[in-house]
Amino acid sequence: MEFRVPTSSEIGYIGPATVGKSVEITVNNQVWTTNGVLLRLMPDPVMASIVPNAGHYLGGVKVTLNGQNFIDTDKLRLRIGDLLANGTTFVTESRIVATTQACLGDCGNFTVADPISLTVNSGVSYTQSTLTFRYVPDPALVQVTPNTGSNTGGTPTLVSGFIVDGNSLTCDFGGTRVSASYHIPTASMVCNSPASAVTGVVPVRMSNDGQVFSPPANCSQFPTRCFEYRPPVAITRVVPTLGPVGGQTSVTIVGTNFFQLGAGQATCTFGSLTSNMVFVDSSHYTCESPPSGAVGDVAFHISPNGVDAIGSGQFQFSYYVHPTLLSSAGDTLIPMGTPLSGGTSVTITGSNFRLSGDGIRVRFLAFDGSGVQTVSGRATYVNSQEIRVVSPPLNHTATVSMAVSVSLNDGLQYSPPAFDPFVYYTQPDFREIVPHLGPRLGETAVMLVGDGFVNLRGKARCRFGTQTVSAFFDDSGATAVMRCISPPSPIPTWVVVEVALDGQVFSNVKTVKFQYFGEYDVTSVTPAGGPSAGGTTTTVNGVGFFMSGTLLQCFFGDGSAQCAPDTPYPCYIPVPATYVSPTAVTCVTPSIPPGGSVTERYPVRLGINGEFSQSCPNVVPGYACPLKAGLAFTYYSDVQVARILPNSGQVMGGTRVTISGSNFRVDLDQATRCMFTLCTIEDVVMSGDNFGQFQPGKTDCSGATVQSPATAVTSTNEIVCQTPVAASADSHFAIVDVSLNSGSTKQRRYGPTCPDGCPVTYFFYSLPLLGTLIPALGPETGGTHVTIVGVGFIGQQNTQMKCRFGAEESNAATTGVTNAVQFLTQSTMKCIAPPQTASDVRMQVSLNGLEGDFTDALLGPLYKYHVAPTLTGVPVPSAGAAGGGTTITLTGTNFRPGLIRCKFWTTAAEGGLDLVTAAEYLSSTEVTCPTPSVSVSQLVSISISLNAQDYSPHYLVRLFFFFPNPTIHYLVPSGGPAESG
């Protein structure tokens, strides 16, 4: 065993617990005592808790230590930190009591918790624990929240001050103490107010250890440190008991002993949601329901002091979705109107209707924002989709459209209004029916015109004579009208028409009448096609037509609805018709229906009364006007003309031309026409540099139009025609157009590019007159550039002009020259002669290059092909002065009259001399010509040409010599007699 000696009279033992044993001691390990003292060794004490675990720093706080293995000994000591408690007393093996000493030091600034330890041997050894004790300063209460409640007690009260999270927190309400708990979020204590036999204000005190309390406050000076006991609040009624999930329902609470606190303290609770409650008087509170995320019943209570739940478990509040005033089938409001005096039983259909103990009401509020309104009495609940209400009277003098809303909480909150308006109306003034006529078979859609019509769908009726039919309200136009369908009549006749908005009381005007007419028929339409832009004047033929003024209409298209931007084909388009006779009317086509195609054939109908459904032809059984295959109109895309080949031809017509462009129609070949409109000198420039151009400001021609049918439509881009006889025998321009409806429509559209210029024109000309040829002869080898002088040549060609020398044409193949024929002026043109054997031939010209447009051969000027002349022998003389002027004689063969020229020349290596002089024809073997002047003495060659252009290949090589001009120095003799010799 191990011992320790704490004092001179004490020895301490250190060792395990054991049962009682006799103990002897020695101090020298030799001499032992013999007292035989019995030693009992106990287990270490276990400390579980200390109550309180905090106390006043001045001490005197009685604490209880709970645990196990405590022993009853006068050496028992409890230590708090370094301070021994006073009067440590054993109570049981599991409980010890003691009194704290004062902590007169800094006590850890009241922030340190001191450890608890226990000794059973007067401090020889201590058993440590995990328990702590904290010294606290004087208790000081700051505020009590709430500071009022029922005298029945139980109000959860938050007490703030210097609060320690201890196990003996205590509140004192005017001398009545209750335990408290620590409120971590606010570092405060919470206690439930005890019951009080009386009402009134009492001070509240607090204690951290349940023994030392804060001083009582002066309640008049510090009311927030006191608590007011009030008579218990009781609720007798909550109005309304239901409201929409969007909240904002103003709820009134009726009861007794209501009181008022500061703003924001009193609340209403709807399930888990709260809102501020407003004090009205001692028996009334109000609050607004908060928005809820769900439909259904929720518990309702109030908290006048913000914590007590008054009425909990006694009242409920029902959240609902506002009724939707929209019928799933049919009208929402039936009927949709009532007289200003009211009294109409109105059925309202929709969804989310429910029984309401508060009462269901219906509000009628003017749409115009004027504030005019009236509210019904209690409505009758039928089911979740229907209620019924009697319309209340409206204090108003004119017809007014009302928005209808439903309240399920007795008029406090109304649903969104019904989409359909409800009308309080005055009786209408009915004056006219449009159209005022229709077929005796009935089914005419008529419009009743007047003032004061209102929309009571499903109730209004029209009466034709003695027959009644349903009427319908229509306010899609500038003024509201009623519409109905005429019933059949056994014979054509006139009948009186009346209207009743409620289906019972008719207008009884007796001045509005309707005419029933008999059957008619339509047989054909001409032309049967036109541009998609419309504008084609057509004639509709048939029998039984009669004048019906502005009601007479043509209809283009098919379907059940009139065409509109949002109503594509199949649909129909009405256009006014002009009465011509009982068998014919005319109308101008509209543009192609939206969504239509140029591949469609659009039926054409005639309406005597402007009604498509009753137009002719018709598929309605009983109409003596059946559909006919030919009664259709074909639209085509805008025809574009880009070019005409050739772009000129004779005024007598017959020229085969090819017109290229776009949007031609092979299927409309029988109706395709080539059109030529004469251009006057006011339209087109006919002379000078601007020949063929439009006059300033002009883009069209104003003369007469001639046309010819297409001989072929080869594709959508090409047609072939023969030109008609021109509108004038004089040469003139004509603007070219193509019509796909037999010439009824001129479009005047060109491009998008025009190789010969836009707009496309054609030149009608009289055959030119050929005068002289310069030269009029040439070698049989061809190649001679011949200028034709005449009248009527033109400068508009997009095909090559042609010249013909006898049977041979002048072209690239025959001459080797690409541009063998050229326009020069309106009176001259140039052609290159093709090779031919020596002969005389007649000249012909085709201004557009077409075979059929050549001038008459018999009237053509004569052109002479000759054999090339041959120079033989030597010139006589064979020499001459360089100054020229020597007349020489050339001999040879095949000379003939003409533009004979002599050429004196050398090769390039010899100096490149090339001089020409005019020659004189003497005979077929002899010509003379003067020599030209040259700069130097030289030997030259000589060639001959019979047309001043083509030189013979048979020439004299270096057979003429130019010698220097002689100079005379003196004469010998220098004189002589006047007589010769």
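Modeller: Quick ground rules: residues count from 1 along each chain as its sequence is written. This is a predicted model, where local features need pLDDT of at least 70 and side-chain atom pairs count only at pLDDT 80 or more, while totals for chains, interfaces and linings use all residues, and side-chain values use heavy atoms, leaving out hydrogens and water.

Biologist: Why is the contact of Arg 605 and Asp 558 called a salt bridge?

Modeller: The term asks for a side-chain nitrogen of Lys or Arg within 4 Å of a carboxyl oxygen of Asp or Glu. Arg 605 and Asp 558 meet at 3.5 Å, N to O, so the pair qualifies. The structure holds 23 salt bridges.

Biologist: What makes Arg 605 buried or exposed?

Modeller: Buried means under 20% relative accessible area, exposed over 50%, and partly exposed in between (1.4 Å probe, protein chains only). Arg 605 has 6%, so that's buried. Asp 558 has 28%, so that one is partly exposed.

Biologist: How do you know that Glu 809 and Lys 802 form a salt bridge?

Modeller: Their closest N and O atoms are 3.8 Å apart, so they meet the cut-off too. Glu 809 is buried at 17%, whereas Lys 802 is partly exposed at 27%.
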